[in-house]
2 protein chains.
Amino acid sequence: LIFEARGNLRHMADTQMAAEMREQPAVIAALVERRRQAAEALRGALPSPPAGTILIGRGSSDNAAIYGRYLIELVSGRPVVLAAPSLLTLYGAKVDYRGWLAVAVSQSGRTPEIATVLERLQEAGACGVALTSDAESPLGARADVVLELAAGEEKAVPATKTVTAELVLFALIASALGDAPWAEGDLERLPEAVAWVLADEDRAQAAAARLAGASGIACVARGLLYAAALETALKIKETALVLAEGYSGADFRHGPIAAATREVGVLAMLAPGPAYADTQELVALLRERGVQVTQAGPAADDELPLPGHVPEALAAIPAVVRGQQVAHALAQRLGLDPDAPAGLSKVTATT
Amino acid sequence: LIFEARGNLRHMADTQMAAEMREQPAVIAALVERRRQAAEALRGALPSPPAGTILIGRGSSDNAAIYGRYLIELVSGRPVVLAAPSLLTLYGAKVDYRGWLAVAVSQSGRTPEIATVLERLQEAGACGVALTSDAESPLGARADVVLELAAGEEKAVPATKTVTAELVLFALIASALGDAPWAEGDLERLPEAVAWVLADEDRAQAAAARLAGASGIACVARGLLYAAALETALKIKETALVLAEGYSGADFRHGPIAAATREVGVLAMLAPGPAYADTQELVALLRERGVQVTQAGPAADDELPLPGHVPEALAAIPAVVRGQQVAHALAQRLGLDPDAPAGLSKVTATT
């Protein structure tokens, strides 16, 4: 087993995806360092307080937006909407967004749909913020405020460091809008927490070995960690080509649990906080039924340890990195090249 | 083949789920007939126009809410939010919902979480509407306005007639809030359109035969039909225990398409309208790649015909019934009892 894990570790060094994953502590540190500038840029442009916030993204950027959806509603005390882009791009809906904050998320800034939706929302009265690597992109050029991901170029098709950058930027937006549920020091210790996860590759290999035979994988979490389950499922689909789905633990009980047979692997994610007991109870129920559960959490006997000192509201960030690790290990175990998934390209030109 | 289809048809008559599916034209007709009373009840209680609308549901009721999310934003011209219940039940978020309409959807009215969320939203200033079978349930008792599903008792665990009732009620809410994109006659012809789908059982059997060997099923649609893809996937998971997921066609291109191998079945749903070309293009791309696609739509050569005269904004209703038929046929083909899925009960007590 040790030999096998070493073999995979060596192999991991070779992929672009793994190299970009290892850049994450530095990317996060750079963003956290710039948090005051980000807050000033936002406060200078935003209605205060915004009447509500609308978020736009696809793929991994949509998962980052779902993290933002929970965090911003909690902190701002105003409704947060995930945009239904087709309403604006296909159906020409005229919706009143005066006094709203609109945050559009696109690594490249070059998905036409995302830029079009931001433009429509600005026309409808919203203040437009873009989270993107490229301030000169169509999306960046259109926004009232650009918060750059500052993650450098990302070459692997599965997004990793740009996703953690988006998550961190959502945390910074929440900080700018109100009293965020963490201390300054918690943000500053994030790079270290992510480095700790990255250094513990053996546990990801072991989890991948457990999951390799599954007919499908259900990733479950709840509340502030829900986005990490969605992103982990997407990463597994993209890199390991295994049917994986992310679920809120509560949604999972309302139907999908029926399809959680012994052939299906469940990856549950937990962080200390109000949602912990709910997910723990779901895991116990699944284990009673003979379903194979791999648990990512802060407990000593969790199969995939997560740093226990990270507050729940930031825990999605190390959890997403755990998920990347598992997806990468699973892809390699299945003989696939994580850098170039079948039928995907770096920029998806939905309109 | 004919013999086999007849055999399944006979068997279909025996299940509770099939019996309840057949009640749908009558349930829809009864609701459409009461549309003026529903509009009056809503207009009497609602802020006019509401500042926005927030929707709450789990499982099939959440899928109905997603239909409502598109329709109500389109018609009301104000933002529509799908609630993140844990924010209110677990994290105690204080969010300002003054002037908002809140619509909570629960067949039984007895999922504690849904009633709690509606109560919190009412405390936060929203006007609370319940869509439920039971006006005396905890949810019904709490709401400012109750719109009853009037579908009678539903005994099969997979919800069918109560889901179409919820969809119809969302259409009636949209009608009450503004100019809905259909004519009166379109609502009146809905029962007939659904009866037409129900009478064409052979095509559902043929689709189930195509899908029976798939390792998983992706249901895709976009815009106003998106909810039908989500509900079909859930119905397949619940009754046939096959890993099925619903996707917006645009989301599907941003990652999940990588996992659409030759082993996966894709069920695409289309209706005439602005989203048609987009889904059609995705289907063509998948077919080029050798992925097996079953298409539900208005074209003569679609594997699963949908009535072409139903406007796109109402097409989710017959499409959901097509999905129920396929799920039921697939379950029977796999030797399962659709009425009693493993590990599910009729009321799921999430909190």
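Two strands pair if DSSP finds at least two bridges between them. Keep that in mind for the first stop of this tour of a predicted model.

**Stop 1: two strands in chain B.** Select β4(B), residues 127–132, together with β5(B). The two strands run parallel and are joined by 4 bridges. Now pick Val129(B): its bridge partner in β5(B) is Val145(B).

Stay on β5(B), residues 145–148, and show the side chains. Which of them are buried? Val145(B) and Leu147(B) are, and they point to one face.

Stop 2: Show both chains. A rotation of 180 degrees, with 0.0 Å of shift along its axis, superposes chain A on chain B at an RMSD of 0.0 Å. The copies are therefore related as by a two-fold rotation axis. Select Val81(A): in chain A, its C-alpha is the nearest to the axis, at 2.5 Å. Both copies use the same surface, as 100% of the contact residues of chain A recur in chain B.

**Stop 3: aromatic rings.** The whole structure holds 7 aromatic pairs over all chains. Select Tyr247(A) and Phe252(A). Their ring centres are 5.1 Å apart and their planes stand at 50 degrees, so the pair is tilted. Both residues, Tyr247(A) and Phe252(A), are buried. Move to Tyr247(B) and Phe252(B): this pair is also tilted, with 5.1 Å between centres and 50 degrees between planes. Tyr247(B) and Phe252(B) are buried too.

Next, select Tyr97 and Trp100 in chains A and B; ring pairs link these four residues into a cluster.

**Stop 4: charge over ring.** Select Arg69(A) and Tyr70(A). The charged end of Arg69(A) sits over the Tyr70(A) ring, 5.9 Å from its centre. In chain B, the charged end of Arg69(B) sits over the ring of Tyr70(B), 5.9 Å from its centre.

Notes
Residues numbered from 1 in each chain as written. Chains lettered and ligands numbered in written order. Predicted model: local features only at pLDDT ≥ 70, side-chain atom pairs only at ≥ 80, totals over all residues. Heavy atoms only, no water. Buried < 20%, exposed > 50% of the residue type's maximum accessible area, 1.4 Å probe, protein only. Least-squares fit on C-alpha atoms with pLDDT ≥ 70 in both. Contact = heavy atoms within 4.5 Å. Phe/Tyr/Trp six-rings, centres within 6.5 Å; stacked < 30°, edge-to-face > 60°. Lys NZ or Arg CZ within 6 Å of the ring centre and 35° of its normal.
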